[in-house]
Amino acid sequence: MRNRPIPGSSGAVRAMTLLGSPALHTPCETVTDFGPSLARLVEDMFATMYAANGVGLAANQIGVGLRVFVYDCPDDEDVRHLGHVVNPRLVEADGVTVRGPEGCLSLPGLEAGTERFDRAVVEGADVRGEPVRVVGTGFFARCLQHECDHLDGLVYPDRLIGWRRARVLRAARRAPWGRRS
């Protein structure tokens, strides 16, 4: 599914933080200021996610160490879910465990079969500080779990073991963006 920008959004596209950056492995800080700068950050995150053709983006993926993520993601019935969560907490993850292909904007072009629960519930706030509760199933549940992991300093290869983990990390080292001079 190709994502569509939010009408009237004027967010700036920011540089993507790539695997290997300490920002991706550091737990993010709780948001305490629900002012205009947070609203601009969320707009920038949507713009960046759409520019990269993603379905979710955490703030640390653009180098901002705050607990915020945005999403524009379908579920398994192709129902579109669009929004953001500030200070998210994964309060439920249950149902069937499914191993499915998972990618990440911070590991462009790579994916690996990753186990996730088929249902997830996230609670947090919106940019005004109002409570939000997001319930996802299927692919959308995978997205919610993935973005919460980012804010805790995890990337999906951290959930892999054995040959799956070795294969994706080897591919990352060989990728043009993963080569170190």
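Student: Is His146 buried or exposed?
Tutor: His146 is buried, because its relative accessible area is 7%, where buried means under 20%, exposed over 50% and partly exposed in between, with a 1.4 Å probe and protein chains only. This is a predicted model, in which local features need pLDDT of at least 70 and side-chain atom pairs count only at pLDDT 80 or more, whereas totals for chains, interfaces and linings use all residues. Residues are numbered from 1 along each chain as its sequence is written, and side-chain values use heavy atoms, with hydrogens and water left out.

Student: Which element is His146 in, and what does it touch?
Tutor: His146 is found in helix 2, helices being DSSP runs of H or I with at least four residues and strands runs of E with at least two, both numbered from the N terminus. Residues up to four places away in sequence set aside, His146 touches Glu102, Gly103, Cys104, Arg116 and Tyr156, a contact being heavy atoms within 4.5 Å.

Student: Where does helix 2 run, and how much of it is covered?
Tutor: Helix 2 covers residues 138-151 and reaches 21 Å from its first C-alpha to its last. Of its 14 residues, 13 are buried, so the helix is mostly covered. Just after helix 2 comes Gly153, which takes a positive phi of about 85°.

Student: What does UniProt list as "binding site"?
Tutor: The unreviewed UniProt entry lists Cys104, His146 and His150 under that feature; such positions are given in the numbering used here, feature names are shortened, and annotations may be inferred rather than shown by experiment. The three span 47 residues in sequence, yet no two of their C-alpha atoms are more than 10.1 Å apart, so they gather at one spot. Cys104, His146 and His150 are also part of the lining of the largest pocket.

Student: How is that pocket defined, and what is its volume?
Tutor: A pocket is an open set of points on a 1 Å grid over the protein atoms alone, where a 1.4 Å probe fits, with protein on both sides within 12 Å along at least five of seven lines, and lining residues have an atom within 4 Å of a point. The largest pocket has a volume of about 350 Å³, that is, the space filled by probe spheres set on grid points joined across faces, edges and corners. It is lined by 22 residues, of which Gly54, Val55, Gly103, Cys104 and Leu105 are the closest to its centre.

Student: Which element gives the most to that lining?
Tutor: Helix 2 does, with six residues, and strand 3 (80-103) also supplies at least two.

Student: Back to His150, then: what is it in contact with?
Tutor: Leaving aside neighbours within four places in sequence, His150 is in contact with Leu24, Ala58, Asn60, Gln61, Cys104 and Val155. His150 lies in helix 2 and counts as buried because its relative accessible area is 0%.

Student: Where does UniProt put the "active site"?
Tutor: The unreviewed entry places that feature at Glu147, which is in helix 2. Glu147 counts as buried, because its relative accessibility is 4%, and, again without residues up to four places away in sequence, Glu147 touches Gly56, Leu57, Ala58, Gln61 and Phe69.

Student: What about Asp149, which residues does it touch?
Tutor: With residues up to four places away not counted, Asp149 touches Arg116, Leu154 and Arg159. Asp149 lies in helix 2 and is buried, because its relative accessibility is 6%.

Student: Changing topic, what do the buried residues of helix 1 pack against?
Tutor: They pack against strand 1 (56-58), strand 2 (68-74) and strand 3, and among them are Leu38, Leu41, Asp44, Phe46 and Tyr50. Helix 1 itself takes in residues 36-51, with a reach of 23 Å from first C-alpha to last. Pro36, which lies in helix 1, is exposed because its relative accessible area is 58%.

Student: Which residues other than glycine have a positive phi?
Tutor: Asn53 is one of them, with phi near 60°; Asn53 sits in the loop between helix 1 and strand 1 and is partly exposed, because its relative accessibility is 45%. Asn87 has a positive phi of about 55°, but its place is in strand 3, and Asn87 counts as buried because its relative accessibility is 16%.

Note on methods:
The expected span of a helix is 1.5 Å times one less than its number of residues.
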